[in-house]
Amino acid sequence: MGGNEEAGEGDVSFLEQTEIDSILGLQQAEGEEKSGLHLLLESSKVGFQRLPGLEATYERFVRLASSSLRHFSAENVEINFDNLNPTRFGTYLNSVALPAMVAIFKAEEWEGFGLVNVSSQLIYSVMDVLLGGRRSSQVRVEGRAYSVIEINIIERLISVILENLAIAFGPFSAVNFHYERMETNPRFASVALPTNATTVARFHVDIEDRTGSFEIVLPYSTLEPIRPQLSQLFMGENFGDDTNWSRHFTNVLKYSNVEIEAVLHERNFSMNDVMEWGLGSVIDFDVPADQLVTIRSGKTKIYRGMMGEKDGHVAVKLMRRLETNSGDE
């Protein structure tokens, strides 16, 4: 038997360890971007359905909240919608800096929850404005825990935000965002599974010479009841309702021709009875002479009336209007 044997047809080739590590993405050097299955498993990016309606809702919210916060702070407030990003809920909570103020609210009609995360810079900016602090663009952000007074004031700010957010969602769905509680530790603000997809909308706030930001977090599970509406494209603030076109359509409709029938009575006959009819046959409807006539258009019954004569023509005097869904015969 020779020293070099040819491989049989049933032999199986195996991957070497370096090839397996390359597929799994375990061979990257320090600082090198991840790849392979390792990147897929640890990625925080979420494939999601784009929701144009949600972006338009936040744009509307900006206009509403800017006006409300001016009254709240008695200062000139400008809010800008920075971006709307999808991520995993657990990844977002891990990115929240401590100490934090994370408000948990419930969308009662949707039976879901959401978060409002107020940045430390905005918290101290609001405190300076409401408590008479000095005007300065350099707001000192401390690492201490927040006081009861600060929490109470920010709760009032959250109430203003949620009230305007509910109004902004009004064209899509009537909803009430009920404030539940405030958490200073993001670990206790879990309203969805860590792997669940969520939307994070970031807003930048300018209060005179002070700045800050806040984020509205709505999991996709919370938006599920109105996702079909949010996924539709529309133009304009009226959400598809063009008043000019409606007015024109109403005016043109008034001059449309409608066929009207006046029916004294209806009765079903068998085919055998119909075949026996001839000239001079009398059909008995078994109704009194003062039977009301039914005025209808197509299959829709509109009025009841009394048969009569006017200027030598058969006429019907309208007596009672019928509801289209009343079932009145």
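# Reading a predicted model: strands, burial and rings

Guide: Welcome! Four strands here form an open sheet in the order S7-S8-S9-S10, with antiparallel pairing. Please keep in mind that this is a predicted model.

Visitor: What makes S7 and S10 edge strands?

Guide: Strand S7 (261-263) and strand S10 (313-321) each have a single partner strand, so one side of each is left without a neighbour in the sheet. From one strand to the next, the twist averages 40 degrees.

Visitor: How do you know that S9 and S10 pair?

Guide: Pairing takes at least two bridges between the strands. Strand S9 (residues 300-310) and S10 have eight bridges in the antiparallel sense, so they count as paired.

Visitor: What are the partners of S5?

Guide: Strand S5 (residues 197-207) pairs with strand S1 (residues 77-88) in the antiparallel sense, over eleven bridges. Pro86 stands opposite Thr199 in S5. S5 also pairs with strand S6 (residues 210-219), again in the antiparallel sense, over ten bridges. There, His204 has Ser213 of S6 as its bridge partner. The hairpin of S5 and S6 has two residues between the strands, and in this hairpin Glu208 takes a positive phi near 55 degrees.

Visitor: Why is Ser120 called buried?

Guide: The label requires a relative accessible area under 20%. Ser120 comes to 15%, so it is buried. Ser120 is found in helix H5 (residues 120-130).

Visitor: How do you know that the side chains of Ser120 and Tyr146 make a polar contact?

Guide: The distance cut-off is 3.5 Å between N or O atoms, where one must be able to donate a hydrogen and the other to accept it. The side chains of Ser120 and Tyr146 come to 2.6 Å, and they are listed as a polar contact.

Visitor: Let's turn to the rings. How many aromatic pairs are there?

Guide: The count comes to twelve aromatic pairs. One of them is formed by Tyr58 and Phe203.

Visitor: What makes Trp110 and Phe177 an edge-to-face pair?

Guide: Their centres are 5.7 Å apart and their planes 80 degrees apart, so they pass the 6.5 Å and 60 degree limits. Trp110 lies in the loop between strand S2 (101-107) and strand S3 (112-118), and Phe177 in strand S4 (residues 177-183), so the pair ties together parts that are 67 residues apart in sequence. Trp110 is buried, and so is Phe177.

Visitor: Which residues do ring pairs link into a cluster?

Guide: Tyr58, Phe61, Phe81, Phe203 and Phe214 are linked in this way.

Visitor: And what does the protein chain contain overall?

Guide: There are ten helices and ten strands. Of its 329 residues, 33% count as buried. The accessible surface of the protein chain is about 21600 Å², with 50% of it belonging to carbon and sulfur atoms.

Conventions. Residues are numbered from 1 along each chain as its sequence is written. This is a predicted model: local features need pLDDT of at least 70, side-chain atom pairs count only at pLDDT 80 or more; totals for chains, interfaces and linings use all residues. Side-chain values use heavy atoms; hydrogens and water are left out. Axes are lines fitted to C-alpha atoms, for helices over the stretch in contact, and angles run from 0 to 180 degrees between N-to-C directions. Buried means under 20% relative accessible area, exposed over 50%, partly exposed in between (1.4 Å probe, protein chains only). Rings of Phe, Tyr and Trp (its six-membered ring) pair if their centres lie within 6.5 Å; planes under 30 degrees apart count as stacked, over 60 as edge-to-face and the rest as tilted. Accessible areas come from the Shrake-Rupley method with a 1.4 Å probe; for residues, only the protein chains shown count as cover.
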